[in-house]
Structures are given as C-alpha cells and as structure tokens.
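Dear colleague,

I am handing over the structure below, and I would be glad if you could look through it before reading my notes.

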Amino acid sequence: MSGKTYQAPRGTSDLLPPDTERWARVEAAARDLFRLYGFREVRTPIFEARELFERGIGETTDIVEKQMYVFQDRGGDWLALRPEGTASVLRAFVEHRLDQTAPPPYRYFYVGPMFRHERPQRGRYRQFHQIGVEALGESAPEVDAEVIALGWEFLRHVGARDVQVELNSIGCSACRPAYQAALRAYWQTHADELCPDCRRRMDRNPLRVLDCKNEGCQAVLRGAPVIDAYWCDACRTHFEAVQTALSALDVPYVRNARLVRGLDYYMRTAFEMTAAGLGAQNAVLGGGRYDGLLRALGGPDWPGVGFAIGMERLMAVLPEAAHSVPGLAVMFLPLTEAARGVALQGVQTVRRLGVPAWARMDVGSVKSGLRSAHRAGVRFAVILGDDELRAGRWTVRDMQASLQQTLSPEEAVEVIRRALSLDTPRT
Ligand code: AMP
C-alpha cells in the first residue's frame with residue numbers, strides 16, 4: 001500500500017453524522033410542508049443535455065458561460081452536471097406531457113445536489129444542495145405571493161431567525177428592453193469605474209451589473225436608473241397585486257429595486273430571502289416568475305414561478321442543536337464469546353422498542369466496555385459475562401445515575417423502556 005491519501009475535490013464536502021441527520025430532518029420538514037401547498041416531489045437526473053441549460057438558463061449568464069461542468073461522454077454526447085433544478089423539472093414535465101396526463105395542480109419540488117464551478121468560499125461551493133419548488137400553469141399574482149409565503153414559512157418553521165424577504169419586479173419582454181437600454185447608456189457613462197467583469201457584460205447583460213458586489217460598481221449602481229419608470233401596465237399591476245397578496249398573507253417584505261437574479265429566465269417577480277447569521281450578500285433562498293420558459297423548452301405556453309433554497313447556507317444559520325437526532329441509547333457489552341449470541345438477541349429486542357442499540361462484540365474488559373459506552377453517550381450499558389449467562393440475566397448499568405442492577409431480560413427491557421419514557425410497545 002502506498003499510503004497515499006485523498007481529499008474530497010475542492011468546493012465539495014462530505015456530510016457526516018450528526019449533520020446528515022440534521023439535514024434529513026430539515027428535508028423531511030420541507031417534504032411535509034410543501035405537500036400542504038400541493039407540491040409533489042420529482043427526481044431528475046444529475047446530468048442532462050448541455051443544451052437544456054444553455055437554452056433554459058441563458059447563454060450569456062455566468063452559470064452557462066463560466067460555471068457549468070460540461071463534458072462529453074464516451075458516446076460523444078455533450079452533457080452537463082445540473083447547475084440548478086428548474087430546467088430539469090420543466091424538461092421532465094414536457095417529456096412526460098404532464099400537462100395532459102396528470103391532474104392539476106402542476107406543483108413540483110425537488111431536493112438534491114447541484115454543481116457550479118465557482119470560486120469556493122464561505123456559502124459558495126462547487127457541489128451544493130438545493131430544495132426547490134416550481135408551480136406551473138398558474139399566472140395569478142397571488143400564486144407568486146403564495147410561493148413566497150411558502151419559502152418564508154419554511155425558513156421560519158425550521159428555525160431560521162430574522163428572515164428577510166426582498167422583492168422586485170424585473171419587468172417582461174415588452175418593457176424590459178427599454179430599461180436595459182437606459183441601463184446600458186448609464187453604464188457607458190461610468191464604464192471606467194466598473195470592474196472588468198461588468199465592463200464585459202454591461203452590453204450583453206446590463207441587468208447583471210446591478211448585482212455586482214465589487215465596491216467600485218456598487219458606488220456606480222447607486223445612481224443607476226430604477227426599473228419602476230419602465231414597467232408596462234401589466235407588469236405594474238402584477239407587482240402591485242403580489243404585494244397586496246403578501247400583505248394579506250402577513251408576509252413582511254422589503255422592496256429592493258436592484259434585485260436581479262443570475263438566471264435569464266426570470267421575468268416580473270424576483271425575490272430573495274436572507275437570515276440572521278449569513279453575510280449580507282448571501283441569500284438563503286432565491287426565486288421568481290419565469291413565464292415563457294416552459295414554451296422555450298418545447299412545452300405548452302404556460303407560466304411558472306418557483307424558488308430554490310441553498311441547503312448549506314440554511315444549515316449554517318440554524319442553531320447547532322436544531323434538528324439533532326438522539327444517538328445510541330443502549331450498548332450491550334458481551335464479555336465472552338458465548339455471551340455474544342445473547343447480546344445479539346438482546347440488542348434486537350431493544351431495537352424493537354424503537355431504541356437505537358448496538359452490541360460491541362470486541363469488548364476487552366468491563367472497564368474498556370464502559371469507557372466506550374460513556375464515549376458513545378448511551379444511557380444504558382448491558383453487561384453480559386459468565387455469571388449473567390449462567391443466571392439468564394442482564395446486568396444493566398444506568399450510565400446517568402451510575403446505578404447497576406442484575407435483572408431478568410423482561411425486567412431489564414421494562415427499566416429501559418420506562419427510563420426512556422417509551423409507550424408500551426404494540427404487539
Ligand atoms: P440560484 O439557483 O442561483 O437562484 O440560487 C438559489 C440559492 O441556492 C441561493 O440563494 C443559495 O442559497 C444557493 N446557492 C446558489 N449557488 C450556490 C453555491 N455555489 N454554493 C452554495 N449555495 C448556492
């Protein structure tokens with residue numbers, strides 16, 4: 001053996017216990033809450049045709065231009081690791097003709113890893129995980145508000161504090177071009193104050209400059225034209241109705257006229273949410289309306305609205321203890337080879353009560369066994385030596401109370417059951 005060691009690739013990380021368990025709980029909370037709003041889960045492949053994302057997200061976006069993991073497989077097909085979930089869900093919707101074969105509502109959610117080749121930093125990774133929802137075929141502004149309310153409820157429900165909703169409308173294909181032209185003209189007059197990235201994209205993607213975190217750009221964009229004066233009547237009316245509905249749902253929000261999103265498909269409503277404990281520029285949730293995307297991907301001309309939550313960012317703001325799962329409660333310590341079989345059966349009996357239990361088969365001595373029981377934080381150690389075997393009894397040590405008694409298996413199970421305040425098992 002060479003002894004060479006390996007690390008997870010840059011920008012990725014291993015999720016280990018107890019975090020895996022905390023994540024699973026939060027994901028379960030999402031599944032439960034989303035279901036109440038009529039959203040149902042879809043699972044799509046981790047990779048898709050590269051073209052799907054180029055079409056769906058937009059050729060001039062950072063994601064497609066710089067961040068997508070693109071590769072040619074052994075058959076020569078160009079594929080990409082999915083950088084986000086919406087394009088895949090819509091592709092599946094079109095492919096399976098769900099508009100014709102499934103009943104309404106057309107509300108879907110997904111949970112899983114996404115991939116973007118970004119510069120890794122706190123809250124920004126190359127493999128990260130999103131929980132997202134998509135509501136298709138619903139154009140009413142109240143639905144935008146309902147989707148926002150769902151995100152807000154969920155974040156608060158799982159324990160995020162100071163959740164702030166930022167809201168904007170980025171217009172539509174009828175009114176946005178005039179705004180883009182005004183922005184372009186403004187960027188031109190300040191080109192030398194903008195960062196190289198923004199100078200490059202100010203013509204092709206003038207809205208994106210509004211999102212630049214560079215200090216020089218920030219100073220420039222404070223004086224930039226605001227979209228409100230450019231909205232068409234339909235966009236203005238829609239935005240007002242979204243706000244009215246949010247107020248009716250008691251969801252507090254702030255207007256951020258500079259909020260834009262990194263994906264081209266958004267139109268009208270755009271929103272982000274932040275929470276206490278994240279850097280100010282790190283949203284934990286982002287979303288918006290994307291009427292037109294489904295048609296662009298070959299589907300019916302149906303509207304859509306959705307959001308995605310970044311799991312790494314969300315978990316980073318939840319208190320350590322939130323959603324933690326109790327670990328092992330009982331450890332069996334067979335001291336002889338003959339006792340191992342008894343331990344194996346005993347541990348099964350305890351597990352059937354719903355109590356996490358483990359038999360440590362390689363115990364050297366009572367002392368080392370109890371030390372490992374202590375390290376594992378179990379409530380009870382069950383010691384099985386020659387004496388116990390002969391008498392058909394268990395020595396049960398309450399690690400918390402440092403009390404030890406030798407009991408029949410039935411009595412021992414009863415002691416454990418009572419101490420852990422479990423209901424009488426159903427038989
Ligand atoms: P987006 O898909 O870009 O609209 O992002 C939605 C949410 O996903 C963001 O608000 C973040 O919470 C999360 N997110 C996006 N990109 C990353 C990344 N590279 N690393 C970690 N989280 C991310």
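This is a predicted model: local features need pLDDT of at least 70, side-chain atom pairs count only at pLDDT 80 or more; totals for chains, interfaces and linings use all residues.

Residues are numbered from 1 along each chain as its sequence is written, and side-chain values use heavy atoms, with hydrogens and water left out.

To begin with the ligand, 16 residues surround it, the closest being Arg116, Glu118, Tyr125, Arg261 and Ala283; a residue is counted here if one of its heavy atoms lies within 4 Å of the molecule. Polar contacts (pairs of N or O atoms within 3.5 Å; within protein, one must be able to donate a hydrogen and the other to accept it, and residues adjacent in sequence count only if both atoms are side-chain atoms) were also listed. An oxygen atom of the ligand is 2.9 Å from an N or O atom in the side chain of Gln130, an oxygen atom of the ligand is 2.9 Å from an N or O atom in the side chain of Arg261, and a polar backbone atom of Ala283 is 2.9 Å from an oxygen atom of the ligand. The protein covers 93% of the 490 Å² of accessible area that the ligand has on its own, where areas come from the Shrake-Rupley method with a 1.4 Å probe and, for residues, only the protein chains shown count as cover. Two or more residues of the shell around the ligand come from each of β6 (127-136), β10 (285-289) and β11 (304-310); helices (H or I, at least four residues) and strands (E, at least two) are DSSP runs, numbered from the N terminus.

Helix α4 (residues 86-95) is largely enclosed by the rest of the structure, because eight of its ten residues are buried. Buried means under 20% relative accessible area, exposed over 50%, and partly exposed in between, with a 1.4 Å probe and protein chains only. What covers the buried residues of α4 includes α2 (50-57), β5, β6 and α11 (293-296), contact being heavy atoms within 4.5 Å. Just after α4, Arg97 takes a positive phi of about 45°.

Arg204 and Glu65 meet in one of them (2.5 Å, N to O), and the pair links parts of the chain 139 residues apart. Asp398 and Arg379 also meet in a salt bridge (3.0 Å, N to O), and both of these residues are buried.

Finally, the backbone: the peptide bond from Pro17 to Pro18 is cis, with omega near 5°, and the one from Pro104 to Pro105 is cis, with omega near 0°. Asp250, although not a glycine, has a positive phi of about 60°, and Asp250 counts as exposed at 60% relative accessibility.

With best regards

Methods. A salt bridge is a side-chain nitrogen of Lys or Arg within 4 Å of a carboxyl oxygen of Asp or Glu.
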